[in-house]
Structure formats: C-alpha cells, structure tokens
Amino acid sequence: MWEKKPVLFLLLATAAILVGTIITMVLPFAWVNTEGDRIATVTPYTPLQQAGRDVYIREGCNNCHTQTVRPLVADVLRYGEYSKSGEFVYDRPHLWGSRRTGPDLARLGGKYPDAWHYQHMAAPVSMIPKSNMPAYAFLKDNQLDPGYIRKCMDVLGFPYTEAEISALNGKTEMDAMVAYMQKLGTGIPKAAAAAVIGDLKNPFPKDATAIRAGEQLFAQNCAACHGEHGDGGIGPELEPESYQDAELFQMIYSGITDNGMPAFSALGSTKVWQLVNYVNYRKEH
Amino acid sequence: METPSYNYAIVRSFIAWSILWGVVAVLVGVLISFQLVLPDLNLAPYLTYGRLRPLHTNAGIYGWGIGSFFALFFFMVQRLCRTPLWSSGLAKFQLYLFNATIIAAAVTLLLGYTTSKEYHELEWPVDIMVVILWVVFAINIIMTVVKRREEQMYISIWYMLAALVGVAVLYLVNAAEVPVSLFKSYSAYAGTNDANVQWWFGHNAVAMVLTAPPLAVFYYFLPKSTGVPIYSHRISIIAFWSLIFMYLWTGAHHLLWTPVPDWVQTLGMAFSVMLIAPSWGSVFNGYLSMNGQWHQMRENYLVKFLILGITFYGLQTLQGPSQAVRTFSAFIHYTEWVPGHVHMGAMGWVSMILFAAIYYLAPRLYGRELYSIPLANLHFWLVLIGQLIYSISMWIAGLQQAGMWHALNNDGSLTYTFMEVLVEMYPYWWIRAAGGVIYLAGVLVFIYNLVQTARSGKPAADAVAA
Ligand code: HEM
Ligand code: HEM
C-alpha cells in the first residue's frame with residue numbers, strides 16, 4: 001500500500017526517524033546541563049580567553065586535538081582527571097573532537113608556563129623536533145578587535161568588565177590563544193600531585209647505563225625547557241651534583257607545578273630515577 | 001509506445017561538476033596526508049591542515065557525494081516514474097546554486113569561517129544556501145514522484161525519499177546557532193548537549209548521505225547492469241524500514257566514555273550492533289541477485305565496481321558496529337584506525353558505486369560508447385589498490401598506536417610518551433600518502449576515459465541512447 005502512496009510514505013519515514021531522534025537526542029536535554037551537572041568552580045570564559053577559543057575554532061585545532069579525558073587508566077595517567085559534563089556548560093560549541101593526531105588538551109591549563117606556549121605555538125618543532133603540528137607564528141601579527149569581542153561576549157551572555165575589554169587593546173591573537181590554553185580544564189581543582197611510594201633511595205646511583213637512559217629521556221622530556229644540555233631556557237639551568245637525589249626525584253616526579261615545572265610521575269619511578277642520575281651525575285660536555 | 005522526453009542534460013551537468021569537486025577532494029586529501037609527514041607543507045594560514053581537512057571532507061561528501069546523487073536521483077526518478085522531471089527550470093537553478101554553494105563553502109573554510117562541527121562546518125550564510133538547495137531538490141523529486149506514471153514506487157525511490165526527509169531534519173536541528181556577525185555564530189546548544197546533537201547529526205549524515213543514497217543507486221544500477229532483477233522484494237522492505245528506524249539511535253557511539261549520559265551511550269551501542277541485520281540484508285540481496293551471474297564479474301566491468309562496492313559496504317557495516325562496542329571503542333577511538341574505517345566507506349563503498357553508475361550513464365548521456373573498457377579496468381584496479389593501501393595501513397597504524405597509548409609498566413606508569421607513539425606513525429602516514437597518489441591516478445584515468453568518450457567515442461546504438 002505504502003509503496004504506491006508517496007505522501008503516506010513520507011509521513012511513515014518521518015515517523016520512523018523521529019522515534020530514535022526523540023529518545024536519544026531530545027530526551028537527554030532533561031538530564032544534561034541541569035543542576036545535577038553543575039560544578040561551582042567552573043566559570044565562563046573571560047573576553048581574552050573567549051577570543052582565544054574563537055581563534056582555536058577558526059584554525060581548526062580540533063581536527064588534531066580532543067578535549068575530553070575518558071575514565072580509562074591510560075587516559076587519566078596521560079592527561080589527568082577524567083572530564084565531567086559540568087565542565088563544559090559554557091562551551092558553545094563543544095570542542096571534544098574525534099581525532100588525537102596531537103595530545104588531548106582538556107587538562108592543559110597550568111601544565112606549562114606561558115613562555116612555553118608562545119614558543120611552541122610559533123614553532124612547534126623548535127621544542128618538539130618530531131612534531132607535525134603546523135606553526136602558528138602568524139597569530140602574533142593579528143591584533144584583537146575589542147568591539148567585536150564585546151559583541152561575542154554579549155551573544156554568549158558571559159559577564160565581563162569594561163576594564164577587561166579595554167585591556168584587549170594591543171593584545172594579539174597569540175596572547176588570546178595562550179590565555180585560552182591556560183584556562184583549559186582548570187574549572188575543577190587540580191588533582192593532588194601523585195604521591196611517591198616507598199623510600200626515596202636511588203636504585204642505581206651513578207650507574208653509567210642509567211645515565212645514558214636518562215640522557216635519552218632528558219632530550220625527549222626536558223630539553224625543550226631546560227635546554228639540550230640542561231643549560232637553561234624556559235626552565236632554569238640544571239647544574240650536576242647540586243641536588244640531593246631524593247629531593248631531585250621529588251621535584252621531577254611531582255613537578256613544581258605552581259611555577260611551570262610539570263610533574264613527570266606518568267613516566268614511572270624507574271625512568272625518573274634514570275633522569276635523576278643523568279641530571280646529577282652526567283659529565284658536562 | 002511514446003517515450004517521454006527525459007531531461008538528461010541536467011544529469012550530464014551535475015555529473016561533470018560533481019567529478020570536478022571530487023578531484024578537488026582527492027587532491028586536498030593527498031595534500032593533507034603529505035602535511036602530516038611534512039609539516040612544512042602548511043604553507044600559509046589558509047593552507048594549514050586545520051583548515052584544509054574540513055575542505056577535504058566537505059568537498060568529498062558534499063561536492064562529490066551529494067553532487068553525484070543530485071545527478072543520479074534526477075536520472076533514476078525520471079526512469080522509475082516514467083515521466084520527465086517536474087521542473088527543469090528549478091533543476092537548472094539548483095545546478096547554479098549547488099556550484100555557488102560549494103565555491104562559497106571552499107572559500108569560507110579556507111578563510112577560517114567554521115562552526116567546528118564535523119561535517120557541518122559551514123557558517124550560517126552558507127548553511128542557508130544549503131537549506132535552499134535541499135528544499136528545491138526535494139520539491140522537484142517529490143513532485144516528480146507524485147505525478148509518476150508507474151504505480152509502484154521502486155526500492156530506490158524509498159531510499160531517495162528517506163534521504164530527503166532525513167537530511168532535512170538532521171541539518172536543520174544541528175544548524176541552530178546564534179549569529180554574531182556575517183561569518184561567525186555560536187551554537188544554540190552548550191557542551192555535552194552540543195556534542196550529543198552533533199553526533200546524532202554526524203552519524204546520520206553517514207546514514208542519509210553515505211548509506212541511503214548509494215543504496216538507492218545500487219538497487220537501481222545492479223539490475224540494470226546485470227539484466228537480472230533484485231533477488232527478494234521482501235528482504236528489501238524489511239531492510240529498508242529497519243535501517244531507517246535504527247540508524248537514528250546510534251549517534252552516541254561516537255561519544256563512548258565521554259560525559260554523555262551512560263544510557264544514551266548504551267542505546268547507541270546496542271542499536272549499532274543491531275544495525276548489522278538491515279545492512280547485511282541489502283548485502284545479501286545484492287549477492288543473491290548474482291545467482292548464476294557471477295561470471296559477469298569477469299566480463300562486465302560495471303558489475304565489478306558494484307559488487308566490490310557492496311562488499312565494502314558489508315565490511316564497513318561489520319567494522320562500524322564493532323567500533324561501537326565500549327571495550328573496542330576504548331581502544332581504537334581517536335586513533336588512526338578510524339580514518340581507515342572512514343575511507344573504506346568513502347573510497348570503497350560510496351565512490352565505487354558512483355563510478356559504476358557514471359560509467360553506466362556515459363553512453364546514455366553522451367550518445368557514445370565508452371571510449372575504453374581496458375582503461376575502465378585500469379581505473380578499477382588503481383582505486384581498489386589505492387584504497388586498500390590507505391585502509392589497511394591505517395588499521396595497522398591504529399592498532400599499534402592504541403596498544404602503545406594504553407601500555408603500562410609494572411609499576412602502573414605509562415610505557416610510552418605521546419611523542420614516542422607519534423614517531424611510530426610516520427611510516428604508515430607515508431604509505432597512506434602513497435596509496436592516495438595511486439587512488440588519484442585512478443581517478444584521473446576515469447576522467448580521461450569520460451572525456452574521450454564525450455569527444456570521440458563510437459556513436460552508441462539508438463536503443464542505449466534512448
Ligand atoms: C552499521 C553501520 C555503521 C556503524 C555502526 C558505524 C559505526 C561507526 C563508529 C562507532 C564510528 C566512530 C569511531 C570512533 O571515532 O571511535 C564511526 C565513524 C565513522 N564512520 Fe562508520 N559505521 C557504520 C557504517 C558506516 C558507513 C557505511 C560509512 C560510509 C562512508 C561510515 C562512515 C563513517 C565516518 C565518516 C566516520 C568518522 C566520523 C568522525 O569521527 O569524524 N560508517 N562509524
Ligand atoms: C586519495 C584519496 C584520499 C586521501 C589521500 C584522503 C586523505 C585523508 C586524510 C589524510 C584525512 C585526515 C585523517 C586524519 O584525521 O588523520 C582524511 C579524512 C577524511 N576524508 Fe579523506 N582522503 C581521500 C579521499 C576521500 C574521499 C573520496 C572522501 C569522501 C567521499 C573522503 C572523506 C573523508 C572524511 C569523511 C574524513 C574525516 C575522517 C575522520 O573524521 O576520521 N576522503 N582524508
């Protein structure tokens with residue numbers, strides 16, 4: 001019957017697609033972004049941060065970066081506390097992404113000092129030699145337009161002050177991007193630094209193999225900030241033999257996160273001890 | 001018996017333009033696959049990977065995919081209804097608007113005007129063009145069906161009509177946004193809601209653009225090419241209704257392990273697995289229609305394209321549901337595996353079916369026999385090999401990447417840093433780029449063959465030209 005009646009057919013087809021639509025797409029609005037989801041510490045974006053977010057969208061960073069940490073062991077170890085629905089209530093649109101050509105950025109805020117971002121955004125390979133992230137140096141040349149950003153804030157209904165708007169004068173898209181990067185994932189308190197288990201005794205003191213392994217690890221994880229041979233850059237110069245092994249271990253393992261030194265507990269204690277041996281007992285070239 | 005005067009000119013024009021946009025899509029695809037290994041190829045702001053990738057997907061799905069479906073729907077609807085197109089003027093307008101929209105899309109995407117939502121990147125002014133385009137198209141098809149001279153609507157018409165309604169609903173709901181300026185808007189939905197709406201749209205763009213229309217084409221062109229009808233009408237009915245009913249439940253399989261409510265994820269997973277049945281309904285229907293006809297795989301290049309196409313559809317609809325299972329998703333989500341899945345569908349299933357349909361039409365549109373069947377066979381092998389290299393290299397890459405991302409040491413720490421995993425991907429990315437070049441060569445052979453057909457093929461027999 002329906003095979004001979006196009007109008008009836010169209011109605012039936014519409015009904016067929018609306019069932020699943022209503023249940024899995026419309027209905028969740030009753031649960032999501034409601035009181036139950038609310039997290040008191042999550043705040044809207046400031047004008048500068050929102051401007052950065054808009055540049056992020058324009059440049060399509062979401063084609064390579066996700067912004068959701070899944071409650072899976074490896075995800076949490078690599079990126080931090082898993083994402084909660086309430087963290088995204090001010091995200092229009094969401095930027096969760098579907099590909100991790102680059103790392104997840106959901107918990108990026110506070111991971112690096114600003115200086116790291118300025119250098120990395122302008123020339124990723126200068127810090128991570130094998131990176132395939134495009135260089136975005138041109139963001140430094142684009143001035144922000146405070147009037148336009150005010151309009152954006154009004155449409156989004158986010159609070160702002162006149163001082164925040166006038167502070168945008170002279171700022172560039174690069175400043176905005178870095179401000180946005182530093183905001184990411186900071187809506188919930190930082191998880192406490194991973195506790196160090198066991199007593200802090202160097203398992204292979206001054207061992208040549210450990211130093212060589214540490215050299216490799218240093219090149220991959222530390223050189224971008226402390227320089228190729230530890231002679232300083234974004235992070236300070238690291239002189240051999242100037243730390244207690246245990247104290248050094250603690251600094252690398254847990255980081256000095258308030259001052260821009262990331263925690264490296266995800267490397268595991270063996271690798272951190274190798275780094276300790278490299279930093280403390282390497283022969284300076 | 002009088003033959004109605006079908007409008008083939010419009011079919012011819014749409015095919016020419018869709019092929020042009022198809023070449024753009026493949027060229028940009030090759031370019032971005034090289035950018036991933038040679039980041040210096042990010043030459044200027046508007047040529048960076050982040051802006052080119054959406055251009056690639058839009059040119060592929062909308063320029064090449066939808067453009068060809070416009071052509072083929074116009075052809076099929078006239079033949080299946082035994083009546084000329086309802087309005088040739090409207091169709092002509094649609095052709096101009098289509099090209100204007102694709103050009104506007106390409107330019108705005110390169111300038112960075114994007115909503116960031118996958119497969120719905122176009123900003124609101126271009127969105128409006130898309131909506132007008134679709135309304136005009138839908139009216140023309142529906143009116144032609146209404147005044148048809150064939151009582152029964154054939155299977156292909158069901159899939160066509162379903163796609164018309166489906167795309168309209170999906171696109172409009174996901175487009176809800178508040179403009180700030182001519183080229184910037186903010187989504188009407190926030191955070192988790194926005195994500196859930198987006199992937200309800202995203203997965204059903206796969207259903208209503210990359211599944212239903214190519215199935216309409218398959219159900220029409222397979223019997224036409226083999227000369228044997230579809231095996232079972234009953235299977236067709238069951239497969240059709242269950243397919244369009246179930247697809248809409250599955251969007252959340254793109255959001256497994258995210259903050260989207262668990263029950264939505266579970267429904268998405270369950271319905272994805274159930275989707276195997278209606279998907280394979282069509283695959284079996286296709287295979288069983290070949291009963292006693294398998295020798296045509298050797299003799300008839302059209303059948304080769306069509307059967308390989310439906311085979312990739314079959315594989316795609318087994319792989320897809322397995323990716324929708326939470327445990328497997330935890331592993332392969334976000335990895336290189338997914339582009340492998342995508343391109344088996346895009347380059348294997350959708351494009352293979354389109355190539356077959358266009359070859360079938362060539363003599364009817366140009367009034368000439370196909371210039372060279374050996375070249376058509378060469379085209380077949382190049383695109384098949386190119387696509388297999390692409391998908392297989394990405395599957396292996398994805399498994400290795402997933403394994404390394406999840407690897408833990410005895411003390412519970414991660415074995416590999418992000419960069420240690422990334423550098424392992426470079427060889428695969430090189431191989432994928434090489435596969436892309438082979439595929440591109442196949443497409444160029446295809447175009448050469450069509451151009452030569454139009455210019456210098458042997459005049460076709462009248463029976464075919466009619
Ligand atoms: C039963 C049918 C299918 C199911 C259940 C299915 C399932 C899935 C799943 C679960 C994903 C997400 C993978 C991930 O990110 O972890 C996916 C991605 C995708 N699939 Fe399928 N698939 C099916 C058929 C198809 C077909 C026929 C095509 C046609 C080309 C297709 C095209 C895509 C595309 C383009 C994506 C990528 C979306 C994105 O992340 O941007 N799928 N599919
Ligand atoms: C020579 C042919 C092609 C090449 C080299 C190519 C290359 C690529 C590359 C490098 C990506 C990015 C993958 C990533 O995120 O890592 C991509 C994504 C994509 N391409 Fe292609 N492509 C080709 C043909 C096509 C065609 C013909 C279509 C559509 C009809 C298509 C549709 C897509 C889609 C939908 C995505 C997004 C996948 C996702 O989100 O996971 N591609 N392509």
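**Reading burial, metal sites, cores and interfaces**

Modeller: Arg51(B) counts as buried, because its relative accessibility is 7% and buried means under 20%. Please keep in mind throughout that this is a predicted model.

Biologist: Where does Arg51(B) lie, and which residues is Arg51(B) in contact with, leaving aside its neighbours within four places in sequence?

Modeller: Arg51(B) belongs to helix α2 of chain B. With neighbours within four places in sequence left aside, its contacts in chain A are Arg58(A) and Glu59(A). Those in chain B are Pro45(B), Tyr46(B), Leu109(B), Leu110(B), Leu111(B) and Gly112(B).

Biologist: How should I read a metal site, and which are the protein donors of the iron atom of ligand 2?

Modeller: Six octahedral donors have ideal angles of 90 or 180 degrees. Here the iron atom of ligand 2 has an octahedral site, the angles among its six donor atoms being 88 to 180°. Its protein donors are His56(B) and His343(B), each through NE2, lying 1.9 Å from the iron. His56(B) is in helix α2 (residues 49-81) of chain B and His343(B) in helix α14 (residues 337-366) of chain B, so the pair ties together parts that are 287 residues apart in sequence.

Biologist: Are His56(B) and His343(B) buried or exposed?

Modeller: Both His56(B) and His343(B) are buried.

Biologist: What is the protein donor of the iron atom of ligand 1?

Modeller: That iron has a single donor from the protein, NE2 of His341(B), 2.2 Å away. His341(B) is placed in helix α14 of chain B.

Biologist: Which residues of the largest nonpolar core touch the most other members?

Modeller: They are Met76(B), Ile141(B) and Phe221(B), in a core of 169 residues. Helix α2(B) gives the largest share of this core, 18 residues. From chain A, domain 1 (2-31) and domain 2 (47-183) each contribute at least three residues. Another core, of 38 residues, lies apart from it and includes Ile57(A), Met153(A), Phe158(A) and Leu184(A). As for Phe221(B), its contacts beyond four places in sequence include Leu72(B), Phe75(B), Met76(B) and Leu306(B).

Biologist: How is the size of an interface expressed?

Modeller: It is often given as the accessible area lost when the parts come together. Chains A and B bury about 7800 Å² between them, with 65% of it on carbon and sulfur atoms. In chain A, Glu3(A), Arg70(A) and Arg78(A) lose the most area to chain B, together 9% of what that side buries. Counted by contact, 83 residues of chain A meet 97 residues of chain B.

Definitions and conventions. Residues numbered from 1 in each chain as written. Chains lettered and ligands numbered in written order. Predicted model: local features only at pLDDT ≥ 70, side-chain atom pairs only at ≥ 80, totals over all residues. Heavy atoms only, no water. Donors = N, O, S within 2.8 Å, 3.2 Å for Na, K, Ca; no water. Tetrahedral: all angles 85-135°; square planar, octahedral: opposite > 155°, others 65-115°. Helix = DSSP H or I, 4+ residues; strand = E, 2+ residues; numbered from the N terminus. Buried < 20%, exposed > 50% of the residue type's maximum accessible area, 1.4 Å probe, protein only. Core = buried A, V, L, I, M, F, W, Y, C linked by side-chain atoms within 4.5 Å. Domains from an automatic or database assignment. Contact = heavy atoms within 4.5 Å. Buried area = accessible area lost by both parts, 1.4 Å probe.
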